[in-house]
Amino acid sequence: MFSYCTDPTTLEGLSWLSCYLTTGKHMGLYWAFGTVLTLLAITAPAALLFGFGGAMAARSRLLPLRWFGKIYIAVVRGVPDIAFFLFFVIALDQGFEWLRHQYMCPDWDQPIRQGNDFVVCQAAKLPLGDAPQWVHEVYGFFTAVLTFAIVFGAFAANVLYGAMNAVPKAQIETAQAYGMTVAQTFRRITVPQMWVYALPGLSNLWMVLIKATPLLFLLGVEDIVYWARELGGTKTPRFTDYPHGDWRLWYFLGLLVFYLSFTKLSEVVLERIMARLTNGQATLGGTQ
């Protein structure tokens, strides 16, 4: 903070605004933008990995594995995202604590389920009660990323499953005629060719993922929506050195500009990737 910000009551105009926008809470808002971008940077490849695994499972010749893949895709796609986000965070948290409980407290003689309560030994709790605040925040972010990856991985699996099936059969048959094994055909023909068909669906999924980042607020992560609501609400002199009226409209307008700018940038990048992938690529509609 600037040195002249020590006494906000003496400031006005741009000086007041510059001091106001550099308070500790506003630094939390700016940090939250980094949190959102970090979430996207980690979740996108993780969701793609879940999706690739789900698509391969759905195409498997083993019936149980094929059922697992198709059930994973169908169940996650058929349940509202908010319900799954709220469910997975609780389920993952309790699942991790249950595993730690089994390993760290083998002599525990009380039931873990006590009515509606989930009770494990103190050593198994995640994170530990005496852990620093940053550990709680990192753990909450980790469970949020894993939840996003599982949910959006199901959508990615559906896209990749359709893309794999869209690869022209003639190319696969030609590869087999040249003596390639099933694994070689999949690795050298199906996977490289499928991206042409998958990218439009994955592009839409990326846009949906961007728009879903405000759900971090529901998962207990202090994201940009949380800070916009917190900072934009009416502030009185009793509780702050920078009193103001209800400014939520302006804060959320700033979020609108951020998301529109980010999605536009994403569109430009994805269009260039698509143009590069389809350059000289043979598809059902002919060579592009």
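Phe152 counts as buried, at 2% relative accessibility. The model is a predicted one. Leaving aside neighbours within four places in sequence, Phe152 is in contact with Ala47, Phe85, Leu205, Val208, Leu209 and Ala212. Phe148 and Phe152 are 4 residues apart in helix H5 (residues 133-166), about one helical turn. An α-helix has 3.6 residues a turn, so residues three or four places apart point the same way. Phe148 is buried too, at 0% relative accessibility.

Now take the aromatic pairs across the whole structure. A search finds 10 of them. One is formed by Phe33 and Phe258, with 4.9 Å from centre to centre and 80 degrees between the planes. That geometry is edge-to-face, because the angle is over the 60 degrees required. Phe33 belongs to helix H2 (residues 24-58) and Phe258 to helix H9 (residues 248-278), so this pair ties together parts 225 residues apart in sequence. Phe258 is buried because its relative accessibility, 18%, falls under the 20% limit. The rings of Phe148 and Phe152 are arranged otherwise: their centres are 6.0 Å apart and their planes at 10 degrees, so they are stacked. Ring pairs also build a cluster, linking Phe33, Trp206, Phe258, Tyr259 and Phe262.

The largest nonpolar core holds 62 residues. Phe85, Phe148, Val151, Phe152, Met194 and Ile224 have the most contacts inside it. Which helices supply this core? At least two residues each come from helix H1 (13-20), H2, helix H3 (63-78), H4, H5, helix H7 (182-212), helix H8 (224-232) and H9. H5 gives the most, with 14 residues. Apart from this core lies another, of 6 residues, with Cys105, Phe118, Val120 and Ala124 among them.

Not counting residues up to four places away in sequence, His26 touches Tyr20, Leu21, Leu231 and Tyr251.

Helix H7 holds Thr190. Thr190 is buried, at 3% relative accessibility. Beyond its neighbours within four places in sequence, Thr190 is in contact with Met164, Val167, Ile172 and Thr185.

Leu86 is a contrasting case. It is found in helix H4 (residues 81-104). At 39% relative accessibility, Leu86 counts as partly exposed, because buried means under 20% and exposed over 50%. Leu86 touches Leu218 and Leu219, with residues up to four places away in sequence not counted. The C-alpha atoms of Leu86 and Leu215 are 9.6 Å apart, although 129 residues separate the two along the chain.

Finally, step back to the whole protein. It has 9 helices and 4 strands. From the N terminus on, the elements run α-α-α-α-β-β-α-α-α-α-α-β-β. What radius of gyration does the protein have? The value is 25 Å, whereas a compact globule of 288 residues would have one near 19 Å. Along the principal axes, the C-alpha atoms fill a box of roughly 85 × 60 × 30 Å.

Of the 288 residues, 38% count as buried. The protein exposes about 17,000 Å², and carbon and sulfur atoms supply 65% of that area. Among contacts with a separation of 6 or more, 66% come from residues 24 or more positions apart.

Definitions and conventions. Residues numbered from 1 in each chain as written. Predicted model: local features only at pLDDT ≥ 70, side-chain atom pairs only at ≥ 80, totals over all residues. Heavy atoms only, no water. Buried < 20%, exposed > 50% of the residue type's maximum accessible area, 1.4 Å probe, protein only. Contact = heavy atoms within 4.5 Å. Phe/Tyr/Trp six-rings, centres within 6.5 Å; stacked < 30°, edge-to-face > 60°. Core = buried A, V, L, I, M, F, W, Y, C linked by side-chain atoms within 4.5 Å. Rg over C-alpha atoms; globule rule 2.2 N^0.38 Å. Areas by Shrake-Rupley, 256 points an atom, 1.4 Å probe, with all protein chains shown as cover.
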